[in-house]
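Subject: Structure handover

Hi,

Here is the structure for your work on the ligands. My notes follow below it.

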Amino acid sequence: MNTAESLPRDWVPPPDQLPRHVAIIMDGNGRWATARGLPRLHGHRAGTDNIREVLEASVEFGIQYLTIYAFSTENWTRPPDEVNGLFQIMAEVIRDETEELHRNGVCVRHIGRSEGLPQELLEAIKGATALTRANRRIILNVAFNYGGRAEVVDAVRRIIRDGIPADSVTEDLVSRYLYTEGQPDPDLIIRTAGEMRLSNFLIWQAAYAEYYSTSTCWPDFGREELRRALAAYAQRQRKFGSLLNATC
Ligand code: IPE
Ligand code: IPE
Ligand code: MG
């Protein structure tokens, strides 16, 4: 048994109990900063810097797809200083990290809308996705200006524009029109900072994902916390609506 308390120090997820795709709602940057008497943007800086450790740990554990929620379509409602500060931090970090991500075999992808994002950020994203597109050690989806409902709306628009007949619209087809086209659905969704909601994250793809919430704020969520989330996942019994493996 690998409960959070009794997890052996050397436990690592066995390949057959490892999620292929982990998605993370990186929440709590603001609370992390406020608790330290710092401005919220310091929290966003610390949170963005933290992505590296979690990405490295994900590669170490053998996760194939990592999706991180960095800015939602609803986050535009925040004060302009915070929104612009976030865009600046993101552009800077992507630019600074692109070469190393490439050397480490990371394929960076952007999921979300480009509209409204500043040119500087769009260019940083474009540079990173173009350079790393053929890498396959891990796929890193950066959900930026992402909304699950916007994603479904975008998919429906493209399906109609492509003239797909109504009878040909299947679950498979819709999945192929999403930003995550060709990728497996997330097996595990982690949310930091304690909230128990999806906040418009991967609402289609999350249909059968396992959910894990921790009170730790994102800037403090490191390798050990990820290992604990993976241990919790390893204990889940996924049934997908069937009676398989039912014990009572
Ligand atoms: C998550 O941290 C990052 C974004 C949503 C951009 P928050 O900024 O939501 O942090 P809290 O929830 O206010 O602590
Ligand atoms: C979700 O966090 C979005 C990201 C982590 C980017 P929020 O802080 O925006 O979510 P709510 O407002 O608590 O639902
Ligand atoms: Mg939040």
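Cys 217 has a relative accessible area of 16%, so Cys 217 counts as buried, the cut-off being under 20%. Cys 107 is buried too, because its relative accessibility is 3%. The structure has zero disulfides. A disulfide, in general, is a covalent bond between the sulfur atoms of two cysteines. Keep in mind that this is a predicted model.

Now the ligands.

Ligand 1 sits in the largest pocket. The elements giving two or more residues to its shell are α1 (29-35), α2 (40-61) and α3 (80-103). The largest share comes from α1, with three residues. There are 13 residues around ligand 1, and the nearest are Asp 27, Gly 30, Arg 31, Arg 40 and Arg 78.

- Arg 78: a side-chain N or O atom is 2.7 Å from an oxygen atom of ligand 1.
- Asp 27: a side-chain N or O atom is 2.9 Å from an oxygen atom of ligand 1.
- Gly 30: here a polar backbone atom is 2.9 Å from an oxygen atom of ligand 1.

On its own, ligand 1 exposes 380 Å², and the protein buries 87% of that.

Ligand 2 also sits in the largest pocket. Its surroundings are Ile 25, Met 26, Asp 27, Tyr 69, Ala 70, Phe 71, Asn 75, Arg 78, Arg 191, Arg 197 and Ser 199. Strand β2 (residues 65-72) supplies the largest share of that shell, three residues.

- Asn 75: a polar side-chain atom lies 2.9 Å from an oxygen atom of ligand 2.
- Arg 78: a side-chain N or O atom is 3.2 Å from an oxygen atom of ligand 2.
- Arg 191: a side-chain N or O atom is 3.3 Å from an oxygen atom of ligand 2.

Taken alone, ligand 2 exposes 390 Å², of which the protein buries 78%.

Gln 237 is in the segment after α7 (223-234). Its relative accessible area is 42%, so Gln 237 is partly exposed. Gln 237 and Leu 7 are 230 residues apart in sequence. In space, their C-alpha atoms are 18 Å apart.

Best wishes

Note on methods: Residues numbered from 1 in each chain as written. Chains lettered and ligands numbered in written order. Predicted model: local features only at pLDDT ≥ 70, side-chain atom pairs only at ≥ 80, totals over all residues. Heavy atoms only, no water. Disulfide = S-S within 2.5 Å. Buried < 20%, exposed > 50% of the residue type's maximum accessible area, 1.4 Å probe, protein only. Near = heavy atom within 4 Å. Polar contact = N/O pair within 3.5 Å; in protein donor to acceptor, adjacent residues only side chain to side chain. Areas by Shrake-Rupley, 256 points an atom, 1.4 Å probe, with all protein chains shown as cover. 1 Å grid on protein atoms, 1.4 Å probe; cavity = no way out; pocket = protein on both sides within 12 Å on 5 of 7 lines; lining within 4 Å. Sits in = over half its atoms within 2 Å of the grid points. Helix = DSSP H or I, 4+ residues; strand = E, 2+ residues; numbered from the N terminus.
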